[in-house]
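This report describes one protein model, element by element. Please keep the sequence and the structure in view while reading.

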Amino acid sequence: KQWYQRRVAITAGGGPIWSDPIHDPVFLGQMKQHIAGEGSYFGTKKRMHGMLTVAEDELQDAPLFYELSMLSKTIHSTCPRDATFRSALLNAGYKVSLSHVCPKSIKTNASPSVVWDIMRSWAQQNKVKLREPDTVAGKLLRNPISIEVDFTPHKDAVLDKAVCRFPPNPEPNWGPKSRAGKRKSETDDARPKKTTKKEKKDKLDLKKFSCKRFEENECEFGDDCQYSHDAKENVPMSTEPETVETA
């Protein structure tokens, strides 16, 4: 009710969603013990331990999560560090964790008003430009801050980097490749290659044509001329019929 009273835009509802716990912490702890004691034959032991740790630490009473990048995008501000935002929630007395589906997620039992109070305080500290009153960002930033926000680093806000919670890609540029098709060599052989003007000129034998400047004794290229200097080819053709002498 508090959220709907303070909403700044049309809210779209969806569902149903699963609101009960999605993990069994006891079972997850037993799996971690099994991997630690007898999992030496697993090639992905560290990855398995990291994923189980994320699921074990995930809050059970918070079905949904936030993404810091989307919160920052909504009010057009820089994105705070994960540890900074987590510290603000912990210093305010709330719980916070990751979600197993997103490495940049914020899962907390704090209400949406508290989350936006923290973002408003972050925007004020970083001097974010105040948008027009009729925009979502403008309405959110103009609402008063109802709690005291403390960004002092909290000891539980920084995650242990030794635990591989979200495995990296197996290789650089890993992901979907281009769609299947013919090999390049096959397509190149089938298609006729285009001939450039330079290639056409190189294929043309200019020695078949007589040099007009040579006929006028004005060609300065000599033997390097690309046209023919052959005397036979440069003799002008006669237009008069030949006469035959008779005895």
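Three strands, in the order 1-3-2, make up an open sheet with antiparallel pairing; two strands are said to pair if DSSP finds at least two bridges between them. Strand 1 (66-67) and strand 2 (96-99) are the edge strands, as each pairs on one side only. Helices (H or I, at least four residues) and strands (E, at least two) are DSSP runs, numbered from the N terminus.

Strand 2 and strand 3 run antiparallel and are joined by 3 bridges. S97 has K107 of strand 3 as its bridge partner, and S99 has C102 of strand 3. With 2 residues between them, strand 2 and strand 3 form a hairpin.

## Basis of the model

The model is predicted: local features need pLDDT of at least 70 and side-chain atom pairs count only at pLDDT 80 or more, whereas totals for chains, interfaces and linings use all residues. Residues are numbered from 1 along each chain as its sequence is written, and side-chain values use heavy atoms, with hydrogens and water left out.

## A buried loop residue

E58 belongs to the loop between helix 3 (45-57) and strand 1. E58 is buried, with a relative accessible area of 3%; buried means under 20% relative accessible area, exposed over 50%, and partly exposed in between (1.4 Å probe, protein chains only). The C-alpha atoms of E58 and L98 are separated by 5.9 Å, although the two residues are 40 residues apart along the chain.

Helix 6 (residues 112-125) has 14 residues, which at 1.5 Å a residue should span 20 Å, and its end C-alpha atoms are 20 Å apart, in agreement. The expected span is 1.5 Å times one less than the number of residues in the helix. Because 11 of its 14 residues are buried, helix 6 is largely enclosed by the rest of the structure. Among these buried residues are W116, D117, R120 and W122. Just after helix 6, K127 takes a positive phi of about 55°.

## Pocket and cavity

On a 1 Å grid over the protein atoms alone, a cavity is a set of points where a 1.4 Å probe fits but cannot get out; a pocket is an open set with protein on both sides within 12 Å along at least five of seven lines, and lining residues have an atom within 4 Å of a point. Grid points are joined across faces, edges and corners, and a volume is the space filled by probe spheres set on the points.

The second largest pocket has a volume of about 370 Å³. Of its 14 lining residues, D82, L98, P103, L159 and K161 are the closest to its centre. Helix 5 (82-91) and strand 3 (102-108) each supply at least two lining residues, and helix 5 gives the largest share, 3 residues.

The structure holds 1 cavity of 30 Å³ or more. The largest cavity contains about 60 Å³ of space, and its lining includes W18, D20, Q60 and K107.
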